[in-house]
Amino acid sequence: MEQTLSIIKPDAVKKNVVGKIISRFEENGLRIAAAKKVQLSRHEAQEFYAVHKERPFYKDLVDFMVSGPVVVMVLEGNNAVAKNRELMGATNPKEAAAGTIRADFAESIDANAVHGSDSKENAAIEIAFFFAKSKIL
């Protein structure tokens with residue numbers, strides 16, 4: 001059973017589509033093993049996205065991620081990383097396939113509704129950033 005991290009970003013939380021997004025995960029064979037709604041501090045957002053620190057969009061990404069609460073989840077299932085990425089769709093919602101989360105709920109490449117781990121290795125790191133092992137059920 002594979003695990004991955006999913007974040008429902010501030011734009012989707014503000015639009016009140018958290019339940020619709022979670023339904024997509026559950027209807028496609030992913031189980032929620034842990035979940036919480038949090039307001040990231042600037043330090044937490046900077047640390048979480050540190051891999052992008054040298055990229056031109058880093059500051060805007062951090063600003064966006066601290067602009068409102070997010071819902072952070074551990075999703076679990078067969079091929080969870082790939083399944084979550086398939087459900088999310090392309091980073092740019094204009095390029096996302098019809099019926100994907102980003103095609104249906106995202107507004108722009110910056111306000112793109114969700115984050116998902118891009119590999120099993122990064123999933124383990126990202127999950128540990130937000131959840132103690134004892135909180136994953």
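The following legends describe several close-up views of one predicted protein model.

In this predicted model, local features need pLDDT of at least 70 and side-chain atom pairs count only at pLDDT 80 or more, whereas totals for chains, interfaces and linings use all residues. Residues are numbered from 1 along each chain as its sequence is written, and side-chain values use heavy atoms, with hydrogens and water left out.

**View 1. Overall fold of the protein, with 7 helices and 4 strands.** Helices (H or I, at least four residues) and strands (E, at least two) are DSSP runs, numbered from the N terminus. Along the sequence, these elements follow the pattern β-α-α-β-α-α-β-α-α-β-α. The C-alpha trace spans about 35 × 35 × 25 Å along its principal axes. The radius of gyration of the protein is 14 Å, which agrees with the value near 14 Å for a compact globule of 137 residues; the radius is taken over C-alpha atoms, and the globule rule is 2.2 Å times the number of residues to the power 0.38. Buried residues make up 49% of the 137 residues, where buried means under 20% relative accessible area, exposed over 50%, and partly exposed in between (1.4 Å probe, protein chains only). Of the contacts with a separation of 6 or more, 77% are between residues 24 or more positions apart; contact means heavy atoms within 4.5 Å. The protein exposes about 7,400 Å², of which carbon and sulfur atoms supply 50%. Accessible areas come from the Shrake-Rupley method with a 1.4 Å probe, and for residues only the protein chains shown count as cover.

**View 2. The open sheet of 4 strands, in the order β2-β3-β1-β4.** The pairing is antiparallel, and two strands pair if DSSP finds at least two bridges between them. The edge strands, β2 (31-38) and β4 (114-116), each pair on one side only. From one strand to the next, the twist averages 20°; axes are lines fitted to C-alpha atoms, for helices over the stretch in contact, and angles run from 0 to 180 degrees between N-to-C directions.

**View 3. Strand β3 (residues 70-77) and its pairing with β2.** The two strands run antiparallel and are joined by 7 bridges. R31 stands opposite E76 in β3, and V38 stands opposite V70. In β3, 8 of the 8 residues are buried, so the strand is largely enclosed by the rest of the structure. In a regular strand the side chains alternate between the two faces of the sheet. V70, V72, V74 and E76 point one way from β3, while V71, M73, L75 and G77 point the other way.

**View 4. Strand β1 (residues 2-8) and its pairing with β3.** β1 and β3 pair in the antiparallel sense over 7 bridges. T4 stands opposite L75 in β3, and the bridge partner of S6 in β3 is M73. S6 also has a bridge partner in β4, namely G116. The antiparallel strands β1 and β4 are joined by 3 bridges. Since 6 of the 7 residues of β1 are buried, this strand is largely enclosed by the rest of the structure.

**View 5. Residue G77 in strand β3.** G77 is buried, with a relative accessible area of 2%. Leaving aside neighbours within four places in sequence, G77 is in contact with M1, E2, G29 and L30. G77 and D11 are 66 residues apart in sequence and 26 Å apart in space, C-alpha to C-alpha.

**View 6. The two sides of helix α2 (residues 18-27).** The buried residues of α2 are V18, I21, I22, R24 and F25. Seen down the axis of α2, these residues fall within an arc of 150°, so they line one face of the helix; the arc is that of the directions from the helix axis to the C-beta atoms. The face turned away from the buried side carries the exposed residues K20 and E27. α2 is followed by G29, whose phi is positive, near 85°.

**View 7. Positive phi at N79 and A113.** Most residues other than glycine have a negative phi. N79 has a positive phi, near 50°, and lies in the loop between β3 and α5 (80-88). At 55% relative accessibility, N79 counts as exposed. Phi of A113 is positive, near 75°; A113 is placed in the loop between α6 (101-105) and β4. A113 is buried, with a relative accessible area of 0%.
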